[in-house]
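Please look over the chain and its fold before reading on.

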Amino acid sequence: MELLDKQSIWQVRNSYLGVYVHFPYCFKKCDYCDFYSEGIGPGPANDEKSLFQSYQKEILDRTNHFPEIKNRTIDTVFFGGGTPSKASAKHWKELLDFLRSEFSFSDNPEISIEVNPEDLSSDLLATYHSIGINRVNVGVQTLEPKGLEFLGRHYDADRYGSLLKVLTHSPIKRVGIDLMYGIPGVSKESFYRDLKLFLEAGLPHLSLYSLTLEKGTQYSRDVTDHKKKEPEEDTQSNILTQLPNLLKEHGYLWYEVSNYAKPGFESLHNLKYWTYEPYLGIGPGAHGMIAGNRYGNPRNANLYQKKQTNTKYEPVDPGTELSLTLFRLFSPFRYLDFIETYLDSETKPKYLKTIEGWEKRGLCSIDAGVFQWNQEALLLLDDLILEISL
Ligand code: SF4
């Protein structure tokens with residue numbers, strides 16, 4: 001396992017808590033977007049103030065329901081959306097202050113915000129830095145105007161033009177971007193050209209993922225009506241398999257199917273989703289997992305603010321959950337610890353047998369209780385996950 005000495009090995013951690021907060025508004029609803037979000041144009045949301053009040057109320061309600069989470073230490077906070085950079089930094093600061101007054105925080109928590117290119121500026125990053133945000137991710141998707149047009153994304157040419165400079169001069173050092181491939185009309189070469197810019201700039205975190213067709217989106221209706229083409233799957237498989245080596249040459253660790261980071265710059269918050277750590281999900285459309293229970297909030301900002309906090313909790317099946325999340329990791333993890341900690345005596349042997357089978361087929365390596373996929377597993381991953389979840 002050649003990468004082991006360089007990569008972090010993920011393991012069971014049971015005293016921490018993550019917090020995700022969903023801000024549902026965007027400049028414009030993108031055609032492919034499956035998240036709960038509403039396009040409201042350039043101005044602020046009318047209900048921003050009351051939405052932030054509702055966040056605090058929900059945090060208190062969830063904590064009252066699960067008082068044991070107060071014994072945990074918050075080590076990651078993630079402001080996502082929607083477009084959280086559309087909300088005022090003052091509101092994010094107040095919410096952070098509130099969380100700090102209610103919970104204990106680790107010494108160096110990761111506090112992230114997603115920023116859309118139209119909001120990105122040096123001033124905004126300086127403000128975020130001053131209020132304690134220490135990680136920023138920008139949803140670039142593509143630098144090709146025709147690609148952005150295909151996606152139905154709002155495009156501000158000046159902001160797109162300056163984003164690389166702004167990010168490389170950021171006072172916040174943990175910066176990353178999302179780039180998408182397989183957009184009809186955007187060539188493979190064009191994707192690699194964009195990627196090269198970010199690789200050469202040495203941005204510490206890159207999320208590289210393929211365009212997918214999600215039911216219920218404008219994009220899916222347009223495909224049904226033959227107005228738009230489906231994602232280019234051959235191009236996507238080709239790029240997907242080329243990326244690990246290309247990124248490795250530039251000093252990036254491949255730690256999850258679609259995520260690459262310079263050592264030490266992995267998204268600790270997202271790692272919680274893949275390693276079965278609890279997190280509070282706050283806001284309309286947010287999901288959370290606390291004390292082995294999942295919950296989801298209504299995908300409607302108005303309802304979310306008017307109605308009582310949804311207290312429908314569904315127990316999670318750890319066997320299914322682990323198979324769907326843990327095995328997305330391409331960095332090494334202590335699989336025996338996860339199995340011992342979370343699985344019952346019936347599921348354990350089944351897991352171990354499947355993993356041994358994978359090793360025999362040359363799909364993974366196992367060493368002293370540590371599991372790591374080999375690259376050969378990448379294109380088979382969906383089927384392999386199915387094998388272990390059955
Ligand atoms: S900006 Fe992001 S969250 Fe908002 S509609 Fe577009 S893809 Fe969805």
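A charge is said to sit over a ring if NZ of Lys or CZ of Arg is within 6 Å of the ring centre and within 35 degrees of the ring normal. In this predicted model, the charged end of R100 meets that description over the ring of F105, at 4.4 Å from the ring centre, and the charged end of K70 sits over the ring of F103, 5.6 Å from its centre. Because the model is predicted, local features need pLDDT of at least 70 and side-chain atom pairs count only at pLDDT 80 or more, whereas totals for chains, interfaces and linings use all residues. Residues are numbered from 1 along each chain as its sequence is written, and side-chain values use heavy atoms, with hydrogens and water left out.

An unreviewed UniProt entry lists residues 11–253 as "domain: Radical SAM core"; UniProt positions are given in the numbering used here, feature names are shortened, and annotations may be inferred rather than shown by experiment. Helices (H or I, at least four residues) and strands (E, at least two) are DSSP runs, numbered from the N terminus.

Which residues surround the ligand? Those with a heavy atom within 4 Å of the molecule count as near, and the ligand is surrounded by C26, K28, K29, C30, Y32, C33, S37, G82, T83, N116 and R153. Sorted by class, this shell has four nonpolar, four polar and three charged residues, where Ala, Val, Leu, Ile, Met, Phe, Trp, Tyr, Cys and Pro count as nonpolar, Asp, Glu, Lys and Arg as charged, and the others, Gly among them, as polar. One member of the shell, G82, lies in the loop between β4 and α2 (89–102), and the peptide bond leading from G81 to G82 is cis, with omega near 25°.

Turning to the rings, a pair of aromatic rings is described by the distance of the centres and the angle of the planes. Rings of Phe, Tyr and Trp (its six-membered ring) pair if their centres lie within 6.5 Å, and planes under 30 degrees apart count as stacked, over 60 as edge-to-face and the rest as tilted. A search of the whole structure finds 32 aromatic pairs. In one of them, the rings of Y20 and F78 have their centres 6.0 Å apart and their planes at 25°, so this pair is stacked. Since Y20 lies in strand β1 (residues 16–23) and F78 in strand β4 (residues 73–81), the pair ties together parts that are 58 residues apart in sequence. Both Y20 and F78 are buried, a term that means under 20% relative accessible area, with exposed meaning over 50% and partly exposed in between (1.4 Å probe, protein chains only). W254 and Y260 also form a stacked pair, 6.3 Å centre to centre with 10° between the planes; W254 is buried at a relative accessible area of 12%, and Y260 is buried at 1%.

One aromatic cluster is formed by Y276, F327, F333, Y335, F338, Y342, Y351, W358, F371 and W373. Within it, Y276 has a phi near 65°, a positive value in a residue other than glycine, and its place is in the loop between α9 (268–274) and β11 (279–282). Is Y276 buried or exposed? At 10% relative accessibility, Y276 counts as buried. A368 likewise has a positive phi, of about 50°, although it is not a glycine; A368 is found in the loop between β15 (364–367) and β16 (370–373) and counts as exposed, because its relative accessibility is 72%.

Contacts, meaning heavy atoms within 4.5 Å, connect further parts of the chain. Q11 and V370 are 359 residues apart in sequence, yet 9.3 Å apart in space, C-alpha to C-alpha. S54, placed in helix α1 (residues 48–65), counts as buried because its relative accessibility is 13%; leaving aside neighbours within four places in sequence, S54 is in contact with Y304 and Q305.
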